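Morning, everyone. Please have a look at the structure on the screen, and then I'll take you through a few places in it.

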Amino acid sequence: MTGRALDVLIVEDEMLLAIELEHLIEEVGCHSLGCAMSSDEAVDLAEKLHPDLALVDVHLSDGPTGVEVARKISSDCGGVALFMTANVKRLPDDYAGACGVIGKPYSEHGVRTALSYLAYCLQEGHAPGPVPVGLTLAPAYAQLWGLGNLPRIA
Amino acid sequence: MNDISEPARDTDQAAARRPEDFEAIIEARTRELTEALEQKTALLHEVDHRVKNNLQLISSLLLLQNRRVTDPALKASLRGMLGRVNAIATVHRRLFQSEDVERFDVSAFIRDMVADLMGSASRDDIRIELDLERVEIPAAKAAPFALVVNELLTNALRHGFPEGRGGRIFVGVRRENGDFRIEIADDGVGFDKDTTPPGFGLTIVQLLCQQLKAKSETTDAEPGARVVVLLPVNGAR
């Protein structure tokens, strides 16, 4: 990976998943900023720490508030959100400003490749190649990163 | 939650004498049923969501444990289990994706599994060839089927191609005479004809094939090995 390591915030209320994600983040050469379990905590940390990327589950400790969290992170905190959720079909068409989604249950390999891929996209401003299996990009970001118009796949 | 399927007899009979009331009763009843259906659908989604999250939990536990373990045999064991949980997780990721909750798309599943297994193996020297007809099996058979495919693919990868020896793995799925024919073949080192008792993985395959009423046959592909599983379409054999 070229350039400075990406700062990644984890927004997930299942502690075991969060810890495993932290390991994966460090393994692909990014830097974990920590974990938020509720929407308030997530927005608070995002405002203070300005993550480059936030991994956001839709269901948090205070309910299905992840979509709003993603929206705030992209519009107010200058970061890019990525949904990690079992409810892929319930996401809004505009992905609330997030760059895409990884469906649960995800595999270790799936998350690793997605993180490396997104790190490249965020740093270079375009995609290194086709989207890896397990990751679905939001149409706006697919376009932004030079992948043309992609149909939405669950 | 009331079981809404019980008919409300007394009120219906008493008021049914007046036609204008009859319509109001039907409307109220329809409203009740629609709400009940919405509640049950929401519950179904909630359960599906819980299952997916819980599978994720299991995977994470295995991954976390694997990070702490240094013994290679133990690590291999844990990785094997992780692979099996992943196979089941892949089933659940795809289950309920289509409108038909009774059927499961085998070819889409195999593509997912192959991408994941080949990706984690990171062996540039192994090529994979797919020839997949669009085949659907009942949802109830999906998990056992997934476990069988996972064992056979993992076997081909691990035993067929030791480090340094590359080659090709073929996966084919098609309908044949009222069966689904699943073939996994490799051109690797082949299996030892002086058979030692089957390992845990192959035992799983045998047991699950019994459960699925499927026949499995392993032959020498010269070079390599070929396994063909015949899964009856309608469950009868």
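Helices here are DSSP runs of H or I, at least four residues, strands are runs of E, at least two, and both are numbered from the N terminus.

Some ground rules. This is a predicted model, where local features need pLDDT of at least 70, side-chain atom pairs count only at pLDDT 80 or more, and totals for chains, interfaces and linings use all residues. Residues are numbered from 1 along each chain as its sequence is written, chains are lettered from A and ligands numbered from 1 in the order written, and side-chain values use heavy atoms, without hydrogens and water.

Back to B:S122. It sits in the loop between helix 4 and strand 2 (126-132) of chain B. Is B:S122 buried or exposed? B:S122 counts as exposed, because its relative accessibility is 55%. The cut-offs: buried is under 20% relative accessible area, exposed over 50%, partly exposed in between, with a 1.4 Å probe and protein chains only.

B:K213 also has a positive phi, near 55°. B:K213 lies in the loop between helix 6 (200-211) and strand 6 of chain B. B:K213 is partly exposed, at 44%.

Now the cis peptide bonds. One joins A:K104 and A:P105, with omega about -10°. A:P105 is in the loop between strand 5 (100-103) and helix 4 (108-124) of chain A. Another joins B:E222 and B:P223, with omega about 10°. B:P223 is in the loop between strand 6 (215-220) and strand 7 (225-232) of chain B.
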